[in-house]
Amino acid sequence: MTSTDSEKSDRRSFLKIVGGTLVGLVVGSAAGYYLRSPEIREVIRTVTQTEAARTVTQTITAPATTITQTRTITQTATVTVTQTATPVARPRLTIAQGVDPTTMDPDMQSETPTFVVLFHIYDSFLQVDREGKLVPVLATSWTYQDPRTLDLELRRGVKFSNGEEFNAEVAAFNLRRMTTPPLIPDAKPTVLARDYLTVQDVEVLDNYRIRIKMKQSDPLLLRILRNKLVIPKKYVEENGFDILATKPVGTGPYTLKEWIKGDHLTLVKRPDYWQGPAAVDEVVFRPIPEAATRVAELRVGNVDIITNVPPDQAGALDAEPNIDVRTVPSVRVAFVMMNTETNEKLRDPRVRQALNYAVDVNSIIQHIFQGYAKRVSTLCPSFFAPYDPNNKFYEYNPAKAKQLLADAGYKDGFEIDMEVARGRWLGAEAAAEAIAGMLNAVGIKTTLYTPEFGVWAKGTQEHKIRSLAYAAWGNNTFNVLQSINALLHSNRPFSWYSNSKLDALIDQAFDTPDPEKHNAILREALDLIFEEAPYIFLYQHVDIYGVNSKVSWQPRPDELILAYEAR
């Protein structure tokens with residue numbers, strides 16, 4: 001049998017397993033010249049076209065390696081594209097994401113597509129660069145007085161778009177909103193309060209210095225401050241927090257011009273932005289849930305950047321003269337959550353392990369993602385500490401899955417509900433359909449629901465999910481502690497699982513700032529998570545963007561699309 005015959009056989013087997021529901025989704029293959037190493041940090045592409053041929057040179061820079069590949073495609077058009085030239089400023093940049101933002105209040109949401117919009121309106125205390133290093137923004141320096149006392153020096157001369165001054169009182173007000181309970185009278189608990197559980201109090205030292213007092217040491221806090229988008233104190237005190245949901249005021253490079261929910265959101269640049277005005281005058285965000293529609297809109301020039309390019313279309317799209325496909329290994333990890341609170345069957349670890357053995361993760365990566373994903377053992381991306389390259393994985397073993405179900409008292413299987421939000425994550429609906437088919441094959445009769453993302457996100461914020469829920473978590477702290485604390489520590493808003501031993505390890509990791517000891521505790525926690533199998537463990541994403549080739553912009557591992565970086 002030739003390799004081609006073998007591939008066809010594998011594909012037929014995959015479609016048979018999932019019930020043939022994915023025929024239109026898994027055909028095609030990605031262009032062979034893409035390198036999918038998780039260590040890729042940046043892709044610099046130079047494209048030159050002549051009447052005879054198109055030559056693509058791709059230089060991939062990794063921490064210790066540089067690889068250059070070249071291929072030639074016969075072409076008849078006569079055009080020259082120089083991507084390395086200094087681009088001119090752009091009057092408008094249109095970005096198509098799969099979903100609309102859920103709110104303009106930065107503390108009352110936890111979704112990357114919303115953060116993508118809000119990072120244009122607001123500034124954070126700190127930022128993380130493409131290498132994962134902290135860089136100053138509204139905080140210019142930071143000093144630990146002791147493991148539980150952190151001082152921040154604040155930037156002078158910064159004003160909100162309404163003219164209000166940024167200072168220490170404003171900074172303290174922002175952090176006091178995030179505590180549990182909030183230290184601001186009558187303030188509602190925030191969605192992101194889960195990240196500030198160690199904060200005890202915030203003191204104003206002078207006009208541009210604050211002191212954060214912690215209940216215990218917190219090795220994540222500085223990186224969490226990267227997500228604390230700063231709101232104006234006086235504006236909120238005069239109008240109430242609720243005004244931020246639709247009328248945001250920030251210190252960022254853009255202001256909100258209009259938001260027609262479900263259609264578009266338009267931002268205009270601030271000429272007085274403290275870092276200098278943006279090169280892009282106007283930014284338009286369009287929610288387009290259907291991937292085929294996003295691709296079509298990019299092809300005809302109605303949008304400039306699209307997220308989540310279908311992997312099977314990446315090669316053909318990149319071959320078009322005015323479009324680039326740009327990829328980056330992502331901080332996002334996909335999984336299927338199990339609701340052990342409402343479904344007693346899922347409280348048995350044998351059942352949870354059976355679900356993992358029932359799913360052929362490698363086939364999903366190969367056939368749905370065309371290799372644009374990397375399998376993970378639990379929730380730790382390949383470039384996070386304490387990632388272990390020798391991680392164990394649950395093999396695809398339907399017989400073992402059936403045996404575990406029988407051992408748990410479910411020889412004939414059982415019925416279960418599963419959900420996946422539409423339009424949010426790359427390949428999610430197709431992957432969820434495949435997983436449902438594989439569960440059906442071992443006797444777990446699975447009904448799949450596909451709610452709109454905004455509805456699903458609101459449900460999770462109210463601590464409501466079905467028995468199984470496909471999701472993908474992005475962690476821009478570059479430390480897996482943030483993921484396992486938010487998702488698996490008992491009594492966290494996004495946790496539907498409880499294990500006292502795991503809770504103790506997570507708490508210990510927070511209170512252990514020494515990097516080597518900290519990572520050793522996390523390694524033990526990940527080993528326990530693997531054995532307990534509270535999720536069906538899947539893969540780390542590789543983010544695939546379609547980009548107008550005239551746009552100077554490179555994707556980031558943290559998934560932010562910042563127009564301030566574009567030209």
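Strand β20 (535-548) gives the most to the lining of the second largest cavity, with 4 residues. Helix α3 also supplies at least two residues of that lining. The model is a predicted one, and in it this cavity holds about 180 Å³ of space. Its lining consists of 19 residues, and those nearest the centre are Gln 97, Thr 307, Asn 308, Arg 424 and Glu 559. By class, the lining of the second largest cavity divides into 8 nonpolar, 7 polar and 4 charged residues.

A search of the whole structure finds 7 cavities of 30 Å³ or more. The largest cavity contains about 490 Å³ of space. Around it stand 33 lining residues, with Ser 110, Glu 111, Thr 112, Arg 332 and Trp 473 nearest the centre. Two or more lining residues come from each of α3 (112-121), β15 (323-338), α13 (453-461), β19 (468-474) and α14 (480-488). Among these elements, α13 gives the most, with 5 residues. The lining of the largest cavity is made up of 16 nonpolar, 9 polar and 8 charged residues.

The largest pocket has a volume of about 610 Å³. It is lined by 29 residues, and the closest to its centre are Pro 289, Glu 290, Ala 291, Arg 294 and Glu 429. Helices α2 (23-26), α7 (291-299) and α12 (428-441) each contribute at least two residues to this lining, and α12 gives the most, with 4 residues. The classes represented in the lining of the largest pocket are 13 nonpolar, 7 polar and 9 charged residues.

The protein as a whole has 16 helices and 20 strands. Of its 567 residues, 57% are buried. Among contacts with a separation of 6 or more, 69% are between residues 24 or more positions apart.

One part of this architecture is an open sheet of 4 strands, in the order β7-β8-β10-β9 and with antiparallel pairing. The edges are formed by β7 (139-146) and β9 (199-206); each has a single partner strand, so one side of each is left without a neighbour in the sheet. On average, neighbouring strands of this sheet are turned by 20° against each other, direction ignored. Strands of a sheet pair through backbone hydrogen bonds, in either a parallel or an antiparallel arrangement. Here β9 pairs with β10 (residues 209-214) in the antiparallel sense over 6 bridges. Within that pairing, Asp 201 has Lys 213 in β10 as its bridge partner. Helix α4 (residues 168-178) lies across β8 (149-154), β9 and β10, and runs at about 175° to β9.

A single residue elsewhere in the chain can be followed in more detail. Thr 378 sits in the loop between β16 (373-375) and α11 (398-407). Leaving aside residues up to four places away in sequence, Thr 378 touches Val 333, Leu 526, Ile 529, Phe 530 and Phe 537.

Methods:
Residues are numbered from 1 along each chain as its sequence is written. This is a predicted model: local features need pLDDT of at least 70, side-chain atom pairs count only at pLDDT 80 or more; totals for chains, interfaces and linings use all residues. Side-chain values use heavy atoms; hydrogens and water are left out. Two strands pair if DSSP finds at least two bridges between them. Axes are lines fitted to C-alpha atoms, for helices over the stretch in contact, and angles run from 0 to 180 degrees between N-to-C directions. Contact means heavy atoms within 4.5 Å. On a 1 Å grid over the protein atoms alone, a cavity is a set of points where a 1.4 Å probe fits but cannot get out, and a pocket is an open set with protein on both sides within 12 Å along at least five of seven lines; lining residues have an atom within 4 Å of a point. Grid points are joined across faces, edges and corners, and a volume is the space filled by probe spheres set on the points. Ala, Val, Leu, Ile, Met, Phe, Trp, Tyr, Cys and Pro count as nonpolar, Asp, Glu, Lys and Arg as charged, and the others, Gly among them, as polar. Buried means under 20% relative accessible area, exposed over 50%, partly exposed in between (1.4 Å probe, protein chains only).
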